[in-house]
Amino acid sequence: MVKAYELRGNSKEDLVKALEEQRKELSELHVAKVTGGAASKIAKIKSVRKNIARILTVYNQQQKEGLRKASANAKFVPKDLRAKKTRAMRRALTAAERKNKTLKQRKKEAAFPKLKYAVKA
(Lines give C-alpha, C1' and ligand atoms only; values in the text may rest on other atoms or scores of the structure.)
Protein backbone atom coordinates (compact mmCIF):
# COMPACT_ATOMS: atom_id res chain seq x y z
CA MET A 1 0.00 0.00 0.00
CA VAL A 2 1.33 3.42 -0.92
CA LYS A 3 1.15 6.29 1.53
CA ALA A 4 0.29 9.82 0.42
CA TYR A 5 3.16 11.39 2.38
CA GLU A 6 5.60 9.09 0.57
CA LEU A 7 4.17 10.10 -2.82
CA ARG A 8 4.42 13.84 -2.19
CA GLY A 9 8.20 13.79 -2.61
CA ASN A 10 7.97 12.06 -6.00
CA SER A 11 8.18 13.84 -9.34
CA LYS A 12 5.39 13.96 -11.90
CA GLU A 13 7.02 11.22 -14.00
CA ASP A 14 7.35 8.91 -10.98
CA LEU A 15 3.70 9.41 -10.11
CA VAL A 16 2.58 8.67 -13.67
CA LYS A 17 4.74 5.52 -13.72
CA ALA A 18 3.34 4.35 -10.37
CA LEU A 19 -0.19 5.04 -11.63
CA GLU A 20 0.38 2.94 -14.75
CA GLU A 21 1.75 0.07 -12.63
CA GLN A 22 -1.24 0.18 -10.28
CA ARG A 23 -3.70 0.29 -13.18
CA LYS A 24 -1.97 -2.64 -14.84
CA GLU A 25 -2.13 -4.59 -11.58
CA LEU A 26 -5.83 -3.74 -11.24
CA SER A 27 -6.59 -5.04 -14.72
CA GLU A 28 -4.71 -8.27 -13.92
CA LEU A 29 -6.72 -8.63 -10.72
CA HIS A 30 -9.97 -8.12 -12.65
CA VAL A 31 -8.92 -10.87 -15.05
CA ALA A 32 -8.14 -13.13 -12.07
CA LYS A 33 -11.58 -12.39 -10.63
CA VAL A 34 -13.32 -13.36 -13.87
CA THR A 35 -11.26 -16.54 -14.30
CA GLY A 36 -11.93 -17.57 -10.70
CA GLY A 37 -8.64 -16.61 -9.11
CA ALA A 38 -7.64 -16.87 -5.48
CA ALA A 39 -9.65 -15.02 -2.84
CA SER A 40 -6.55 -13.07 -1.82
CA LYS A 41 -6.33 -11.57 -5.32
CA ILE A 42 -10.00 -10.61 -5.30
CA ALA A 43 -9.58 -8.98 -1.88
CA LYS A 44 -6.58 -7.01 -3.18
CA ILE A 45 -8.73 -5.16 -5.75
CA LYS A 46 -9.99 -2.70 -3.14
CA SER A 47 -6.51 -1.73 -1.91
CA VAL A 48 -5.23 -1.26 -5.48
CA ARG A 49 -8.17 1.01 -6.29
CA LYS A 50 -7.43 3.06 -3.16
CA ASN A 51 -3.76 3.28 -4.18
CA ILE A 52 -4.76 4.63 -7.59
CA ALA A 53 -6.95 7.22 -5.88
CA ARG A 54 -4.06 8.27 -3.59
CA ILE A 55 -1.67 8.65 -6.51
CA LEU A 56 -4.20 10.71 -8.49
CA THR A 57 -4.92 12.89 -5.45
CA VAL A 58 -1.24 13.72 -4.91
CA TYR A 59 -0.76 14.27 -8.66
CA ASN A 60 -3.70 16.69 -8.85
CA GLN A 61 -2.56 18.53 -5.72
CA GLN A 62 0.88 19.02 -7.27
CA GLN A 63 -0.69 20.28 -10.51
CA LYS A 64 -2.85 22.76 -8.62
CA GLU A 65 0.10 23.95 -6.53
CA GLY A 66 2.07 24.54 -9.73
CA LEU A 67 -0.82 26.58 -11.12
CA ARG A 68 -0.96 28.62 -7.91
CA LYS A 69 2.75 29.43 -8.18
CA ALA A 70 2.44 30.29 -11.88
CA SER A 71 -0.49 32.65 -11.35
CA ALA A 72 0.80 34.18 -8.09
CA ASN A 73 1.48 37.62 -9.57
CA ALA A 74 -1.10 37.49 -12.36
CA LYS A 75 -3.82 40.11 -12.59
CA PHE A 76 -6.57 37.48 -12.72
CA VAL A 77 -6.61 34.15 -10.88
CA PRO A 78 -7.88 31.12 -12.84
CA LYS A 79 -11.47 30.19 -11.93
CA ASP A 80 -10.57 26.80 -10.48
CA LEU A 81 -8.15 28.50 -8.03
CA ARG A 82 -10.61 31.14 -6.81
CA ALA A 83 -12.43 30.83 -3.51
CA LYS A 84 -15.61 28.82 -4.04
CA LYS A 85 -17.83 30.20 -1.24
CA THR A 86 -21.45 30.38 -2.40
CA ARG A 87 -22.96 31.99 -5.47
CA ALA A 88 -24.68 34.65 -3.34
CA MET A 89 -21.46 35.45 -1.46
CA ARG A 90 -19.50 35.80 -4.70
CA ARG A 91 -22.06 38.25 -6.07
CA ALA A 92 -22.49 40.26 -2.86
CA LEU A 93 -21.23 43.84 -2.72
CA THR A 94 -17.76 44.40 -1.32
CA ALA A 95 -17.28 46.56 1.78
CA ALA A 96 -16.13 49.49 -0.39
CA GLU A 97 -19.16 49.15 -2.68
CA ARG A 98 -21.53 49.03 0.30
CA LYS A 99 -19.96 52.17 1.77
CA ASN A 100 -20.34 54.21 -1.44
CA LYS A 101 -23.05 56.86 -1.52
CA THR A 102 -24.75 58.56 -4.42
CA LEU A 103 -24.06 62.20 -5.21
CA LYS A 104 -27.56 63.09 -4.04
CA GLN A 105 -27.01 61.35 -0.68
CA ARG A 106 -23.69 63.14 -0.17
CA LYS A 107 -25.23 66.57 -0.94
CA LYS A 108 -28.16 65.93 1.40
CA GLU A 109 -25.86 64.90 4.26
CA ALA A 110 -23.68 67.97 3.72
CA ALA A 111 -26.68 70.33 3.62
CA PHE A 112 -28.51 68.78 6.56
CA PRO A 113 -25.98 67.33 9.01
CA LYS A 114 -27.15 65.13 11.86
CA LEU A 115 -28.15 67.33 14.80
CA LYS A 116 -26.37 66.74 18.07
CA TYR A 117 -28.18 67.31 21.31
CA ALA A 118 -26.76 67.44 24.80
CA VAL A 119 -29.02 66.25 27.59
CA LYS A 120 -28.69 68.14 30.87
CA ALA A 121 -28.70 65.76 33.81
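In the predicted model, E25 and K44 are joined by a salt bridge whose closest N and O atoms lie 2.6 Å apart, a salt bridge being a side-chain nitrogen of Lys or Arg within 4 Å of a carboxyl oxygen of Asp or Glu. This pair connects distant parts of the chain, with E25 in helix α2 and K44 in helix α3, 19 residues apart. E25 counts as partly exposed because its relative accessibility is 22%, and K44 is likewise partly exposed, at 39% (buried means under 20% relative accessible area, exposed over 50%, and partly exposed in between, with a 1.4 Å probe and protein chains only).

The structure holds two salt bridges; E109 also forms one with K101, where the closest N and O atoms are 3.0 Å apart. E109, at 42% relative accessibility, is partly exposed, as is K101 at 40%.

The axes of helix α2 (residues 12-34) and helix α3 (residues 39-70) come within 9 Å and cross at roughly 160 degrees, so that α2 is roughly antiparallel to α3 (angles over 145 degrees count as roughly antiparallel). By class, the contact of α2 with α3 has 15 nonpolar, five polar and seven charged residues, Asp, Glu, Lys and Arg being counted as charged.

Residues are numbered from 1 along each chain as its sequence is written, and side-chain values use heavy atoms, with hydrogens and water left out. Because the model is predicted, local features need pLDDT of at least 70 and side-chain atom pairs count only at pLDDT 80 or more, whereas totals for chains, interfaces and linings use all residues.

Methods: Axes are lines fitted to C-alpha atoms, for helices over the stretch in contact, and angles run from 0 to 180 degrees between N-to-C directions. Helices (H or I, at least four residues) and strands (E, at least two) are DSSP runs, numbered from the N terminus. Angles under 35 degrees count as roughly parallel, over 145 as roughly antiparallel, 65 to 115 as roughly perpendicular and the rest as oblique.
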